[in-house]
Amino acid sequence: MTDLSLRTELFPTGWQTALARAPRIVLKPLPLQRSLPATINIPLRQAAIRTFGFSFPELPAADLGLLAPRPTRSPQRGADQGKSPAAKQTTRIKPPQDIIKLQDRLYYVLQPPLESLTGELRFPFQPFPYQLAGIAFLFPRHAAILADEMGLGKTMQAITAIRLLLHAREVRRVLLICPKPLVTNWKREFQLWAPEIPIGVIEGNQARRNWQWRQPATPVLLANYELLVRDQQIAVNDGLHFDLVLLDEAQRIKNRNSATSQVTRAIRRTRSWALTGTPVENSPEDLVGIFEFLSPGHLSSNMQARRMGLAARDYILRRRKEEVLTDLPPKMFRDAELDLTPEQWISYREAEEHGVVRLTEMGDELTIQHVFELVLRLKQICNFDPAGGSSSKLERLRADLEEVIASDQKAIVFSQWVDSLKRIRAALQPLPVLEYHGKIPARKRDRVIDQFRNDPSCHLMLMSYGAGSVGLNLQFCRYVFLFDRWWNPAVEDQAINRAHRIGASGPVTVTRMITINTIEEHIDQVLQEKRELFETIFSVAGTPASAGLNQDEIFGLFNLRMPPRKPRAAA
Amino acid sequence: MSTRKSSPVPSVGFLTVVDSGGGSFLGGYLVLNASGRPLEFQCTAPVKANRAQEILYGPTLHPYLWGEQIGGALISKSRTRPLFVCTDQLHTLAVRSAVDLPVIQVLPASPPPSGPTSERKLTTTPSSESAAQLILGRYSCALSRSHLNDRVPVERAWKTHLDDLHLREPFERIREAITEAQRTAAGPASGAAA
């Protein structure tokens with residue numbers, strides 16, 4: 001290759017120097033727009049928690065015997081029939097509706113189940129669950145009726161509730177009022193169920209009673225209705241106050257105008273309890289009478305039955321045997337429908353014809369008393385012929401007793417009349433027969449019962465409805481004979497349930513003697529219809545039923561009409 | 001240090017929390033003597049966690065709310081110092097960190113331990129993840145893992161004073177009392193209707 005012979009000229013430009021020099025960097029700050037993130041405060045502190053609380057008094061348990069050693073329990077109690085009552089159940093005290101204050105309500109709500117008390121208090125027998133429920137019912141109440149059917153242990157429930165209240169120091173002084181024949185029974189039951197509680201019985205002459213009423217250290221005073229009325233000056237007007245007044249057989253005060261009712265209502269007291277198997281004997285008015293003692297004005301006579309039942313519901317506890325004692329031996333009724341003997345028929349027809357004619361002739365002068373006298377006369381003839389003493393009922397009784405004696409059982413015969421009882425006794429000689437009625441002195445009655453219970457040769461006891469229908473425990477008897485019928489089925493039930501009750505040793509056979517085509521049959525029909533009517537009414541309201549004859553019905557026995565009332569003379 | 005008085009008689013506290021609906025809870029605290037009779041009852045107004053607590057406490061919300069907050073408030077208000085406190089809820093066991101009393105959880109009924117119960121033999125079983133177990137008579141109980149030393153005073157109190165006490169039944173009483181208090185607060189009409 002040949003070089004081009006071109007002429008070149010070089011000129012310094014200075015660029016090379018510039019290229020050899022390091023570039024100059026100029027920094028210029030450029031501010032960025034930015035904002036701080038927003039933060040929020042999330043509070044985690046819990047607001048102050050509001051509380052409310054109550055303290056309850058601590059009881060000195062050791063002083064009260066609550067921690068006493070447990071008794072050896074009897075596995076048998078007659079009617080238990082192998083059942084383990086109260087096992088695996090809890091019975092809690094619930095406050096009644098009339099307790100308003102929360103602290104008072106919670107005091108009851110927070111009490112331990114009653115079952116746990118069996119570990120603290122001495123019980124001769126394990127109570128049945130329904131009995132614990134009855135105790136839980138009574139315990140918090142200031143006004144209560146325990147109206148269990150006869151034989152379910154109202155006495156035991158009341159005693160245990162009183163015992164718990166005394167131990168809890170909720171009551172310190174209790175007045176218990178019962179019919180006179182039952183005083184001994186109450187003493188015995190207290191000894192059994194609350195042996196640590198001293199009982200004072202109001203009895204003896206006036207000076208002694210005056211002293212007894214004023215014994216403040218006796219926690220339970222026991223008085224009978226008759227003495228209470230006699231001692232009303234002290235019981236009512238002497239500044240005495242009782243924390244609890246308990247009326248047994250409270251149907252005694254159903255008539256608000258009676259002296260007994262007035263005195264019991266006037267006793268100063270904090271709590272009022274009533275025990276009765278028959279709170280309604282004749283009409284709902286009976287219940288109003290009892291409520292005048294419990295909570296005056298709470299019920300009134302013009303209330304309809306349903307409304308009355310609802311108003312009374314929180315105050316009354318009523319259980320029937322068939323509801324709670326499914327293991328109780330059966331009670332079997334036999335209606336012995338008998339013909340009068342020929343002699344009795346003659347006397348009966350004569351008395352009836354003569355009596356009805358006489359009643360009819362009386363016109364407006366006729367009173368309930370006149371009719372009543374005729375009814376009684378006819379009923380007596382149905383028992384025994386007044387002339388010769390013959391009796392179809394006695395013949396039947398004699399035959400039945402042979403069976404009772406042969407099977408080594410015991411029987412009770414009830415009659416309205418002591419005279420009939422005495423005739424029966426005379427007719428059954430030389431059979432050993434015991435009597436228990438109003439003409440047996442009170443001090444001898446306990447001995448009669450003891451002999452009947454313990455003497456194997458005594459198979460029969462004759463009792464009047466009045467003396468023997470309430471409070472006695474004769475559950476060793478298997479046979480009951482109603483030689484004549486009482487006016488009121490409730491009283492008959494009471495009588496029958498002397499034998500058919502907790503601890504009954506076996507089935508109880510009740511023989512109701514009714515002479516056919518007589519006044520007895522007529523009364524029986526009326527009572528049966530009435531009982532069914534009351535059952536219907538009160539089963540709605542939850543209150544118990546029973547019913548006797550009223551005036552119209554007694555007049556109706558002879559197809560008579562009650563004459564119009566004469567206007568009262570102006571006062 | 002607590003200013004509460006020690007009870008003059010041996011006593012045990014029972015603490016439980018119930019759901020009152022709407023995310024609210026009510027706490028009840030019952031102190032019983034050795035016979036099971038009430039000495040004191042404390043109850044809270046309804047307590048509700050706020051939304052933040054629900055989110056941030058997560059699974060620890062109930063131990064915090066039932067144990068530390070409700071349980072702590074109830075026990076601190078009580079005037080009686082029991083020998084120990086029982087609860088029937090695992091969450092409420094967390095109250096132990098807020099109080100200076102032994103706390104145990106009474107576990108649901110389970111078959112009794114082998115051997116005669118009459119001897120009241122106290123035995124322990126291996127602890128689980130969250131709690132150590134202990135047997136008081138016929139009751140299986142749990143202790144907080146962080147307070148295993150509670151075992152000694154609880155066992156001692158049980159043996160000395162309390163071996164007849166029912167440990168499950170009182171929670172029913174608390175629940176009934178809370179219901180009663182709510183009913184009363186709602187007015188007499190609702191009480192009457194009950």
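**Where chain A meets chain B**

Between chain A and chain B an area of about 3,100 Å² is buried, and carbon and sulfur atoms give 55% of that area. The model is a predicted one. The contact involves 31 residues of chain A and 38 residues of chain B.

Begin with the polar side of this interface. Eight residue pairs, both members at pLDDT 80 or more, are in polar contact between chain A and chain B. The rule also finds two salt bridges across the interface. In a salt bridge, a side-chain nitrogen of Lys or Arg must lie within 4 Å of a carboxyl oxygen of Asp or Glu. R92(A) and E176(B) form a salt bridge, with 3.1 Å between the closest N and O atoms, so the pair falls within the 4 Å cut-off.

Next, consider which parts of chain A face chain B. Two elements of chain A, β1 (51-55) and α2 (102-109), each give two or more residues to the side that touches chain B. Of the elements, β1(A) gives the most, with five residues. By residue type, the side of chain A that touches chain B consists of 18 nonpolar, six polar and seven charged residues.

The strand β1(A) also takes part in pairing between the chains. Its partner in chain B is strand β4, residues 38-44, and the two strands pair in the antiparallel sense over five bridges. To find one point of this pairing in the structure, look at F54(A): the bridge partner of F54(A) in β4(B) is F41(B).

Technical notes:
Residues are numbered from 1 along each chain as its sequence is written. Chains are lettered from A and ligands numbered from 1 in the order in which they are written. This is a predicted model: local features need pLDDT of at least 70, side-chain atom pairs count only at pLDDT 80 or more; totals for chains, interfaces and linings use all residues. Side-chain values use heavy atoms; hydrogens and water are left out. Contact means heavy atoms within 4.5 Å. Buried area is the accessible area (1.4 Å probe) that two parts lose on being put together, summed over both. A polar contact is a pair of N or O atoms within 3.5 Å; within protein, one must be able to donate a hydrogen and the other to accept it, and residues adjacent in sequence count only if both atoms are side-chain atoms. Helices (H or I, at least four residues) and strands (E, at least two) are DSSP runs, numbered from the N terminus. Ala, Val, Leu, Ile, Met, Phe, Trp, Tyr, Cys and Pro count as nonpolar, Asp, Glu, Lys and Arg as charged, and the others, Gly among them, as polar. Two strands pair if DSSP finds at least two bridges between them.
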